[in-house]
Amino acid sequence: MKSFPPSRVTDRIRSDLTRRFIVLRLVQGQCHKCSHTLRGGLFPARKFHPEDGDSTAKITLFTGEIDGYLDLMAKAEVSERLAEVLRDFRVRVVVSTGAGVSAESGVPTFRSAGGLWRTFKAETLATPEAFAENPQLVWEWYEFRRAKIKEVEPNPGHHELVLWERHFPNFTLITQNIDGLHRRAGSSKPIELHGNIMVSRCHKCERRAGEAGLGSDGEIPRCQCGGLLRPDVVWFGEPLPQRELQLAWEASEGAEVFISVGTSGIVQPAASLASVAKEAGAFLIEINPDETEISYKFDETLRQPSGIALPALGRRLGIARN
Ligand code: BJW
Ligand code: ZN
């Protein structure tokens with residue numbers, strides 16, 4: 001990674017901040033406003049001062065040493081074969097995303113360092129049994145996560161996939177994510193396999209109830225049938241929504257290129273989609289900074305964060321920028 005003097009970085013960053021996304025790799029820095037010190041890692045710029053509405057001002061508030069600016073410098077090291085396949089805009093492309101694609105927006109993953117399941121126990125929070133046992137605790141946890149998700153913005157990975165949807169007429173986006181960031185970025189019809197955290201549904205009659213929240217006294221909202229509402233997400237041991245699963249399965253069977261982005265590939269049945277595509281003869285790509293349990297299935301891997309790899313691949317393929 002090449003280092004730029006901060007002044008040069010600042011000019012580049014300012015131009016991208018107007019597009020409201022950027023990821024900085026920080027060695028160490030201190031916010032001159034609140035003196036908060038940050039060390040190492042990838043940070044969305046808005047994380048520094050989310051309350052500051054003027055995004056172009058944010059970088060000047062930050063007086064840290066910046067070790068390069070990842071987005072503009074990233075190269076997509078893909079084979080000629082892949083570039084060739086994707087150069088035909090009529091190719092059938094399926095992109096399947098997991099928590100990693102939202103990591104650069106500041107949404108924690110489940111199983112990587114800092115992931116939710118490293119701190120919280122899945123079985124006490126994300127199972128129907130947990131809800132039956134302690135609906136209050138489950139609701140509070142989801143309220144907390146909903147609030148966090150509302151604070152964040154889609155990142156360059158999400159934005160790039162919107163460009164891909166416009167570029168490839170045969171494009172399907174499948175996601176395990178419940179954060180709705182693909183839709184917020186502008187993807188028109190992501191297949192949400194595990195539901196959406198912003199929506200609630202009745203645990204008794206299954207009726208959807210849009211967005212609901214705990215009452216001011218902490219009371220759990222109820223459906224008109226009297227049943228408790230719950231988040232409209234898929235917990236362990238529950239079936240995936242039938243229509244979404246069928247659409248995802250069919251798209252994977254018909255894929256010529258299947259790109260798995262930011263998923264550990266552990267959770268079924270979503271993890272099987274790559275195999276479905278492979279058996280149907282698709283070319284498989286994995287985008288993930290780390291090796292996964294299913295990495296061996298892929299024809300090519302890009303070991304980069306998705307907010308870097310996807311735009312770099314898009315540029316390499318000549319996909320129109322806006
Ligand atoms: C980056 C990055 C960057 C970081 N850029 N990348 C034994 C064998 C096989 C199956 C089972 C089994 N025992 C039980 C099962 C079934 C179970 C399952 O698969 N369990 C496994 C854990 C073993 N599956 C189910 O129960 C499913 N239902 C089912 O099977 O139903 C059958 C049925 C049929 C009929 C009737 C009844 C039942 C349901 C699964 C639901 C999963 N739900 C969750 C929670 C959603 C709600 C919530 O958020 O609270 O979904 S769990 C959690 O995992 C969430 C995610 O969508 C899902 C997948 O996680 P994901 O996206 O892969 O995240 P991570 O954290 O694992 O990985 C992130 C990756 O990103 C890492 O690789 C990083 O390296 C990478 N990364 N930064 C790119 N910047
Ligand atoms: Zn009901």
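## Terms and model

Two strands pair if DSSP finds at least two bridges between them. Strands (E, at least two residues) and helices (H or I, at least four) are DSSP runs, numbered from the N terminus. With these terms, strand β10 (residues 257–261) and β11 pair in the parallel sense over five bridges.

The model is predicted: local features need pLDDT of at least 70, side-chain atom pairs count only at pLDDT 80 or more, and totals for chains, interfaces and linings use all residues. Residues are numbered from 1 along each chain as its sequence is written, while chains are lettered from A and ligands numbered from 1 in the order in which they are written.

## Confidence

pLDDT is the predictor's confidence in each residue, from 0 to 100. The chain has a mean pLDDT of 80, with 76% of its residues at 70 or more. Over residues 1–33 the pLDDT is below 50, and this stretch has 81 contacts in the model beyond near neighbours in sequence. Two residues are in contact if their C-beta atoms, placed from the backbone, lie within 7 Å. For residues 38–74 the pLDDT also stays under 50, and the model has 95 contacts for them beyond four places in sequence. Where pLDDT is low, the predicted coordinates should not be read in detail.

## The chain as a whole

The chain contains 14 helices and twelve strands. Of its 322 residues, 37% are buried. A residue counts as buried if 20 or more other C-beta atoms lie within 10 Å of its own, as exposed if 12 or fewer do, and as partly exposed in between, with C-beta atoms placed from the backbone. Among contacts between residues at least 6 apart in sequence, 66% join residues at least 24 apart.

## The six-stranded sheet

An open sheet of six strands runs in the order β7-β6-β5-β10-β11-β12, with parallel pairing. Its edge strands, each pairing on one side only, are β7 (191–192) and β12 (300–302). Helix α4 (residues 80–87) packs on the sheet and touches β10, β11 and β12. The direction of α4 makes about 105° with that of β11; axes are lines fitted to C-alpha atoms, for helices over the stretch in contact, and angles run from 0 to 180 degrees between N-to-C directions.

Strand β6 (residues 171–175) is largely enclosed by the rest of the structure, because five of its five residues are buried. On one side of β6 are F171, L173 and T175, and on the other T172 and I174, so that both faces are covered. β6 is joined to β7 by two bridges, in parallel, and T175 has E192 as its bridge partner in β7.

β5 is mostly covered, with five of its five residues buried. V93, V95 and T97 point one way from the strand, and V94 and S96 the other way.

## Residue L284

L284 lies in strand β11 (residues 283–287) and is the bridge partner of F258. Is L284 buried or partly exposed? L284 is partly exposed, because 19 other C-beta atoms lie within 10 Å.

Apart from neighbours within four places in sequence, L284 is in contact with F258, A274, A277, K278, K297, F298 and D299. The C-alpha atoms of L284 and A274 are separated by 7.4 Å, and these residues are ten apart along the chain.

## Backbone exceptions

Most residues other than glycine have a negative phi, and most peptide bonds are trans. Q268 and P269 are joined by a cis peptide bond, with omega about 0°. P269 is in the loop between β10 and α13 (273–279).

E206, a residue other than glycine, has a positive phi near 70°. E206 belongs to the loop between β8 (195–202) and β9 (229–233), and is exposed, with 11 other C-beta atoms within 10 Å.

## Around ligand 1

A residue is near a molecule if its C-beta atom, placed from the backbone, lies within 6 Å of it. Which residues come nearest to ligand 1? Of the 35 residues around the ligand, they are G98, G100, G262, S264 and P305.

By class, this shell has 16 nonpolar, 15 polar and four charged residues. Ala, Val, Leu, Ile, Met, Phe, Trp, Tyr, Cys and Pro count as nonpolar, Asp, Glu, Lys and Arg as charged, and the others, Gly among them, as polar.
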